[in-house]
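Here is a short briefing on one protein chain. Keep the sequence and the 3D view open as you read.

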Amino acid sequence: MAMTFFFSDRVVLLFDFWSVHTPAGLALSVLVVALLSVLYEVVKMGKARVLRRALLAVPPSLSREALLEPDEGDGGHGATQGRWFQFHVAQTLLHVVQVVLGYALMLAVMSYNAWVFLGVLAGSTIGYFVVYPLLRVD
């Protein structure tokens, strides 16, 4: 396997069944990889938005211990604790998706096909450019 970037329309990406042998197949594969890069940026920004919503949902006067240890007669903190847990689960799931996409994109780039690398780069650039304005400060 080549350990330097090369330009070719023949490449195997991630799995044996994703074997590209034609220029049209390469173009479709680069498009798919670019879309996965855009999705990675969307998930990354979604995770930041969930974190922001979680921070706004929890009152600043509530301590970390109060969130982790439920009390009897906690004066309404149980609902806050439930919301915090829901946000934590959402962030965890988004983190798993982000890690899976990130490693898949890294492995695609490690095919050392320059077209695939440029597809990941273009998708990441487009994704960041489009998604970043959605993280607004209110």
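**Start at L36**

L36 touches L101 and L105, leaving aside residues up to four places away in sequence. This is a predicted model. L36 sits in helix α1. The C-alpha atoms of L36 and L101 are separated by 7.1 Å, although these residues are 65 apart along the chain. Is L36 buried, exposed or partly exposed? L36 is partly exposed, because its relative accessible area is 25% and buried means under 20%.

**The chain as a whole**

- The protein chain has two strands and four helices.
- Read from the N terminus, the order of its elements is β-β-α-α-α-α.
- The chain has 138 residues, and 28% of them count as buried.
- Take the contacts between residues at least 6 apart in sequence: 69% of these join residues at least 24 apart.
- The chain exposes about 9300 Å², and carbon and sulfur atoms supply 70% of that area.

**Helix α1**

- Helix α1 covers residues 23–57.
- It has 35 residues.
- From its first C-alpha to its last, α1 reaches 51 Å, close to the 51 Å expected at 1.5 Å a residue.
- The buried residues of α1 include L26, S29, V30, V33, A34 and S37.
- Further along α1, E41, V43, M45, V50, A54 and A57 are also among the buried residues.

**The largest nonpolar core**

- Which residues make up the largest nonpolar core? There are 12 in all: V11, L13, W18, V20, L26, V30, V33, L105, A108, V109, V116 and V120.
- L26 is one of the core residues.
- Not counting residues up to four places away in sequence, L26 touches S8, D9, V11, V20, N113 and W115.

- E41 lies in helix α1.
- Is E41 buried or exposed? E41 is buried, because its relative accessible area is 6% and the cut-off for buried is under 20%.
- E41 touches S124, G127, Y128 and V131, with residues up to four places away in sequence left out.
- How many salt bridges does the structure hold? It holds one.
- K44 forms a salt bridge with E41, and the closest N and O atoms are 3.1 Å apart.
- Both K44 and E41 lie in helix α1, three residues apart, which is about one turn of the helix.
- An α-helix has 3.6 residues a turn, so residues three or four places apart point the same way.
- K44 is partly exposed, with a relative accessible area of 31%, whereas E41 counts as buried.

**Record and model side by side**

- An unreviewed UniProt entry lists residues 20–43, 92–109 and 115–135 under "transmembrane region".
- In the model, residues 92–109 are 100% helix and 0% strand.
- The end C-alpha atoms of residues 92–109 are 26 Å apart.
- Residues 115–135 are 81% helix and 0% strand.
- The end C-alpha atoms of residues 115–135 lie 30 Å apart.

Terms used. Residues are numbered from 1 along each chain as its sequence is written. This is a predicted model: local features need pLDDT of at least 70, side-chain atom pairs count only at pLDDT 80 or more; totals for chains, interfaces and linings use all residues. Side-chain values use heavy atoms; hydrogens and water are left out. Buried means under 20% relative accessible area, exposed over 50%, partly exposed in between (1.4 Å probe, protein chains only). Contact means heavy atoms within 4.5 Å. Accessible areas come from the Shrake-Rupley method with a 1.4 Å probe; for residues, only the protein chains shown count as cover. A nonpolar core is a set of buried Ala, Val, Leu, Ile, Met, Phe, Trp, Tyr and Cys residues joined through side-chain atoms within 4.5 Å. The expected span of a helix is 1.5 Å times one less than its number of residues. UniProt positions are given in the numbering used here, feature names are shortened, and annotations may be inferred rather than shown by experiment. A salt bridge is a side-chain nitrogen of Lys or Arg within 4 Å of a carboxyl oxygen of Asp or Glu.
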